[in-house]
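Q: I have the model loaded. Can we go through how it packs, one piece at a time?

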Amino acid sequence: QSLSHSLLMTPNTHYGPPLGAGHPSAPTRPVSYTLALGIGVAVGCGVLLLGRGVTSTNLHTPTVVATPGVGTAVAPVPHPLSTIAASPATHFARASTSTAAAIPASPSASRPAPPLAAPTFVPAVWMVCVMGFAMGSALMHWATTSKRVQPAPLAMVATTSEVDAAADKPPQEKFLPITEGVLPLPRGPEAIAAQCLTATLNAYRDGVLRQRHELLLPLIGATDLDDWPGGVRQQFKAMQPMMEQVLKGAKEEPGLEGPLKGSILDMADAIGCWEGDKIGAVVFPTAETLPKLKEIVKAGKLCMMVNSQWQGGQIVSDFGWGPFRKANEEFVDSFEWVYYCRQVRINGDTTIVQRSYPGKWQVHVLNAKGERPCVSVEDERPSYSRLEEICRGVPGSMSSMSLGERLVAEWNFNIDSMQEVQNYDKDGKK
């Protein structure tokens, strides 16, 4: 810990921008460096302890006996302990005769065997304790000092342009609530379906026939361990009434009239399909059902791809390999995001990403008051790293806290949750 403190207060660009006189704060301590320091201390202590442990005498080391006046050594005699271990019953009976017959007894002719040192071993539990203590100490030191303001050394003088650049560096961007020109978050599945219908018709009127949708589903039958214990088949039960509301409203649009026939394409994966003369919608599609989507597109119908199940960025793609994979990915990419409403957890922060055609992408973050204001409007769908950046810039969010502050906040949340549960009886009454 002392070494890391001294290094971080040194004007070395490897550990952060150098600080000059008048700069009141030091660079934040990187967790990677602190972990490396903790592991180094643990390994060093372990090597020292193991070095002290490898000092036991080998029980099978022979004792060489020399005869006065003779330059050559006599054949080695086995160690007494090895003889006892081999035949403890007869050792003492023949020890005096056999040894005396082989070598003349003389006090100065042979050296007594050195006393045996008791073997010492270092239990594995000590190694675990030392390493755990070192790493835990380093982590707690980083957590408690990553946000602490440290005075700069008096002997440090600003002499480089990097110091001026560090001083003039703008603070991290703050993401404050946006109230003008944003689409409010829907409250309930009916509101989500209504927004999806509006976006669908707006895109259809602009000539967008390949539409992609992502609907936030209401939790039904959730447990403390799993939001969807029944898997995708349980999600289909929540999706069905919402999708029927969207399609019922879409059929009232001129050019989209006509009856729709519902079917199940795959019972195990709960893939549903509604198709008519002008509209075709597939819910929870997989890579195996892409031919059905291609058939709807080929017929010139409005094709709606809703809550797809495949995952991107995998080594073994769901779309196959080689030219087949490329063709399927290009087909999926030809669909435009028309409506998107999905909840994402970022470092303990609950965020909702929303988009309704032809608007932009909105990012909403849940605050301490239970509100979910829009804090950022993006031109493109934000990636996970972009969402992390946005959450870090929201005042009071979990992502803007240090590791120690997050642990305290999680602890308080768990305590409050347990107290809230205790306020209800077995019948669920408060």
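This is a predicted model: local features need pLDDT of at least 70, side-chain atom pairs count only at pLDDT 80 or more; totals for chains, interfaces and linings use all residues.

A: One place to begin is α9: the face turned away from its buried side carries the exposed residues Pro291 and Lys298.

Q: Which residues of α9 are buried?
A: Leu290, Lys292, Leu293, Ile296 and Val297, in a helix that runs over residues 290-298.

Q: Why do they count as being on the same side of α9?
A: Because they cover an arc of only 160° around the axis. In general, an α-helix has 3.6 residues a turn, so residues three or four places apart point the same way.

Q: What covers the buried residues of α9?
A: The cover includes the strands β1, β2, β3, β4 and β5, along with α10 (322-333).

Q: And what follows α9?
A: Glycine 300, with a positive phi near 75°.

Q: Switching to the largest nonpolar core: which members touch the most others?
A: Leu215, Met239, Met243 and Met304, out of 36 residues. α8 gives the most to this core, with nine residues.

Q: What does Leu215 touch?
A: Leaving out residues up to four places away in sequence, Leu215 touches Ile192, Cys196, Met239, Met242, Val306, Asn307, Tyr339 and Cys341. Another core, of 15 residues, lies apart from the largest one and has Phe319 and Val282 among its members.

Q: Now the surface. Which residues form the nonpolar patch?
A: Ile39, Val43, Val47 and Met131, with about 320 Å² of accessible area together. Helix α2 (residues 31-53) gives the most to the patch, with three residues.

Terms used:
Residues are numbered from 1 along each chain as its sequence is written. Side-chain values use heavy atoms; hydrogens and water are left out. A nonpolar core is a set of buried Ala, Val, Leu, Ile, Met, Phe, Trp, Tyr and Cys residues joined through side-chain atoms within 4.5 Å. Buried means under 20% relative accessible area, exposed over 50%, partly exposed in between (1.4 Å probe, protein chains only). Helices (H or I, at least four residues) and strands (E, at least two) are DSSP runs, numbered from the N terminus. Contact means heavy atoms within 4.5 Å. Patches are made of residues with over 30% relative accessible area and no salt bridge: like charges are joined within 9 Å, nonpolar side chains (Val, Leu, Ile, Met, Phe, Trp, Tyr) within 5 Å. Accessible areas come from the Shrake-Rupley method with a 1.4 Å probe; for residues, only the protein chains shown count as cover. A salt bridge is a side-chain nitrogen of Lys or Arg within 4 Å of a carboxyl oxygen of Asp or Glu. The arc is that of the directions from the helix axis to the C-beta atoms.
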